[in-house]
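This report looks at a few selected places in one protein model. The sequence and the structure come first, and the description follows.

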Amino acid sequence: MSIKRLDSILIKPAGPDCNLDCTYCFYLEKALLYSDTTVHRMSTDTLELLIKQIMEQSGNFVSIVWQGGEPSLMGLDFFKKAVEFQIKYGTGKSVANSFQTNGILLTPEWADFFKKYSFLVGLSIDGPRHIHDKYRLTKNIQPTWHTVYKTVKMLLKSKVDVNAMTCVTDYSVNFPEEIYNFHKELGLRWMQFIPIVETDKNNHLKAAPFSVSAEKYGEFLIKLFDLWQADFVQGKPATSVRWFDSVFYNYVGMPSPQCTLRKKCGDYVIIEHNGDVYSCDFFVEPKWKLGNIRNRKISSMLNSSLQQEFGENKSKVPERCMRCEWLKYCYGGCPKDRIRDPKDNGVSHFCLSYKMFFKHADLRLKEMAAEWIRENYNS
């Protein structure tokens, strides 16, 4: 077994706590794992130990993603301290910090900090008001679009790098062009579209009502691909859509940066507020708890037999997937999407979506790949 490098890590400093109550959120329920308290916050001691371990056990470059829940609940001083520890323990190392947020609590002081330390901000915004406010609500069932919109404008004015993180639901899937153009006109040129499917809490034999159907998501990807292609300038993309960027890696024979599109997963771990370590943020559950940073090294947990088992599970796809011509590009999708509809017998909820997309985009992606290979290897 090859040794995995600690080059990427996801940290949830406020655990599952959030100041919103989005209808489709899957992480709020993780508070049940830490029911001894209603407020979950990473201590300064835990933060220092965590950063010290990351800096000591990583290579010359490491990517740190701050996520939640809502990480801004920790307050700006917490992240100033995190950067101090990165500087203290990471002499000569390059650290890429990303911050995934709903944007509600961000102020110009946050923006100045993000700009100064080159944070990439992943901002949850589902599109125009009628789409965003469909499911992204406060705990008092109040809309959030207006606040988030102002936050986007403020961050972009401060020249912070912002990635639009957009959930695709049963409602928003009907508006690919409206969402794409809204982001683009707002100045959000980096876009990540996250298809939502969760198990219905009242009937575990079907997907929750807000989940996007496979066929609808396939149509969404096709329309999005055409919009993305139409914006090319001199043969180069003018916007970045993470799904297309990641798929392209597989077309040029390189490992995709997106674990969903790799043969195996488990190349990173997530750290909860108290130092507990899990295999993946979609599998924060007792079965996949690897340990705690207070008694085990992160690199050891990353390379543990349990994490190895977790990563290998992704490659165990049904026989019908093994016979599929598109397997080498999707590798069965994310394991979390294989367990939402029991009737599918281990096939991804989005299997049809992928087939529809690749049938539509394959020729163009192959042409792009051939051109890229010529430019990069034959020049």
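In which helix is the place of Thr 147? Thr 147 lies in helix 5, which covers residues 145–157. The model is a predicted one.

Is Thr 147 buried, exposed or partly exposed? Its relative accessible area is 32%, and because this value falls between the cut-offs of 20% and 50%, Thr 147 counts as partly exposed. Thr 147 also has a neighbour from elsewhere in the sequence: Ile 104 is 43 residues away along the chain, yet the C-alpha atoms of the two are 6.2 Å apart.

The axes of helix 8 and helix 13 come within 10 Å of each other and cross at roughly 65 degrees. The crossing of helix 8 with helix 13 is right-handed. Both helices and the residues they bring to the contact are set out below.

| Helix | Residue range | Residues in the contact |
|---|---|---|
| Helix 8 | residues 242–251 | Trp 243, Phe 244, Val 247, Phe 248, Tyr 251 |
| Helix 13 | residues 351–377 | Tyr 354, Phe 357, Phe 358, Asp 362, Leu 365, Lys 366, Met 368, Ala 369, Trp 372 |

By type, the residues of this contact are 12 nonpolar and 2 charged, with no polar ones.

Strand 7 (residues 199–200) runs antiparallel to strand 8 (residues 203–207), and the two pair over 2 bridges. Thr 199 has Ala 207 of strand 8 as its bridge partner. The link between strand 7 and strand 8 is a hairpin of 2 residues.

Terms used. Residues are numbered from 1 along each chain as its sequence is written. This is a predicted model: local features need pLDDT of at least 70, side-chain atom pairs count only at pLDDT 80 or more; totals for chains, interfaces and linings use all residues. Side-chain values use heavy atoms; hydrogens and water are left out. Axes are lines fitted to C-alpha atoms, for helices over the stretch in contact, and angles run from 0 to 180 degrees between N-to-C directions. Helices (H or I, at least four residues) and strands (E, at least two) are DSSP runs, numbered from the N terminus. A crossing is left-handed if the near helix is turned anticlockwise from the far one by less than a right angle, and right-handed if clockwise. Contact means heavy atoms within 4.5 Å. Ala, Val, Leu, Ile, Met, Phe, Trp, Tyr, Cys and Pro count as nonpolar, Asp, Glu, Lys and Arg as charged, and the others, Gly among them, as polar. Two strands pair if DSSP finds at least two bridges between them. Buried means under 20% relative accessible area, exposed over 50%, partly exposed in between (1.4 Å probe, protein chains only).
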